[in-house]
Structures are given as C-alpha cells and as structure tokens.
Amino acid sequence: MPVPAARDIRTRDLDPLALTALQRDQLAGTACARCGSPDVTRPAGYAYVLSRSGRLGRPVKVCDNCPQGG
Ligand SMILES: [Zn+2]
C-alpha cells in the first residue's frame, strides 16, 4: 500500500506545538521521515519546524523502502 505523501514530514512546515509522537521520532532521526518505519538507514535532507525566529531545519532519515527525495 503506498504511503500517503501527507505523512512525509518533509512536505510541510511543522507546528512544534502539534507534533505527534511519530513526528517527534522522525525529527529525532529514529523513524523514517516518510513512512515512520524504525529501520532508518539513510540521511534524507531536512524537515522544517516553525519557531519564533523562523523555520528550523532538522536533518531526517529514511528507510530502504522510501525515496531520499521529498
Ligand atoms: Zn520509509
């Protein structure tokens, strides 16, 4: 089953006050930025979290099954 693109945390800026547990894991690099799998193996760019001073880029990772691009 294809993963809905909306679940990819790189597709939009994240509200730091509305993060789910999964999104926190994704930002911490312990869950795939696209599908949420814990088997992360490759760096995959940045996800952005909104902050008072602008957008904060956080390096994220993906699993073997997901493309590294957004
Ligand atoms: Zn994945």
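These legends accompany several close-up views of one predicted model.

The model is predicted: local features need pLDDT of at least 70, side-chain atom pairs count only at pLDDT 80 or more, and totals for chains, interfaces and linings use all residues. Residues are numbered from 1 along each chain as its sequence is written.

**View 1**
The protein chain holds 1 helix and 2 strands. Helices (H or I, at least four residues) and strands (E, at least two) are DSSP runs, numbered from the N terminus. The C-alpha trace spans about 35 × 20 × 20 Å along its principal axes. The radius of gyration of the protein chain is 11 Å, which agrees with the value near 11 Å for a compact globule of 70 residues. That radius is taken over C-alpha atoms, and the globule rule is 2.2 Å times the number of residues to the power 0.38. Of the 70 residues, 24% count as buried. A residue is buried if 20 or more other C-beta atoms lie within 10 Å of its own, exposed if 12 or fewer, and partly exposed in between; C-beta atoms are placed from the backbone. Of the contacts with a separation of 6 or more, 52% come from residues 24 or more positions apart. Two residues are in contact if their C-beta atoms, placed from the backbone, lie within 7 Å.

**View 2. The largest nonpolar core has 12 residues.**
Its members are I9, L14, L27, A31, C32, A33, V40, A44, A47, V60, V62 and C66. Two elements give two or more residues to this core: β1 (40–51) and β2 (54–63). The most comes from β1, with 3 residues. A nonpolar core is a set of buried Ala, Val, Leu, Ile, Met, Phe, Trp, Tyr and Cys residues joined through C-beta atoms within 7 Å. Core residue V40 touches G29, T30, A31, C32, K61, V62 and C63, not counting residues up to four places away in sequence.

**View 3. I9 sits in the segment before α1.**
I9 counts as buried, because 26 C-beta neighbours lie inside 10 Å. Not counting residues up to four places away in sequence, I9 touches L14, Q23, Q26, A33, A47 and V60. Among these contacts, L14, A33, A47 and V60 also belong to the largest nonpolar core. I9 and Y46 are 37 residues apart in sequence, with 9.0 Å from C-alpha to C-alpha.

**View 4. Helix α1 (residues 21–28) has buried residues Q23, Q26 and L27.**
These three cover an arc of only 95° around the axis, so they lie on the same side of α1. The arc is that of the directions from the helix axis to the C-beta atoms. On the other side of α1, A21 and A28 are exposed. The cover over the buried residues of α1 includes β1 and β2. Just after α1 comes G29, with a positive phi of about 80°.

**View 5. G36 lies in the loop between α1 and β1.**
G36 counts as partly exposed, because 19 C-beta neighbours lie inside 10 Å. Leaving aside neighbours within four places in sequence, G36 is in contact with R7, L22, Q26 and A31. Of these, Q26 is one of the buried residues of α1, and A31 belongs to the largest nonpolar core. The C-alpha atoms of G36 and L17 are separated by 19 Å, and the two residues stand 19 residues apart along the chain.

**View 6. β1 and β2 pair in the antiparallel sense over 9 bridges.**
Two strands pair if DSSP finds at least two bridges between them. A hairpin of 2 residues joins β1 to β2. S51 has G54 in β2 as its bridge partner. For Y48, the bridge partner in β2 is G57. In a regular strand the side chains alternate between the two faces of the sheet.

**View 7. C63 lies in strand β2.**
C63 counts as partly exposed, because 18 C-beta neighbours lie inside 10 Å. Not counting residues up to four places away in sequence, C63 touches C32, C35, S37, D39, V40 and T41. Two of these contacts, C32 and V40, are members of the largest nonpolar core. C63 and A18 are 45 residues apart in sequence and 24 Å apart in space, C-alpha to C-alpha.
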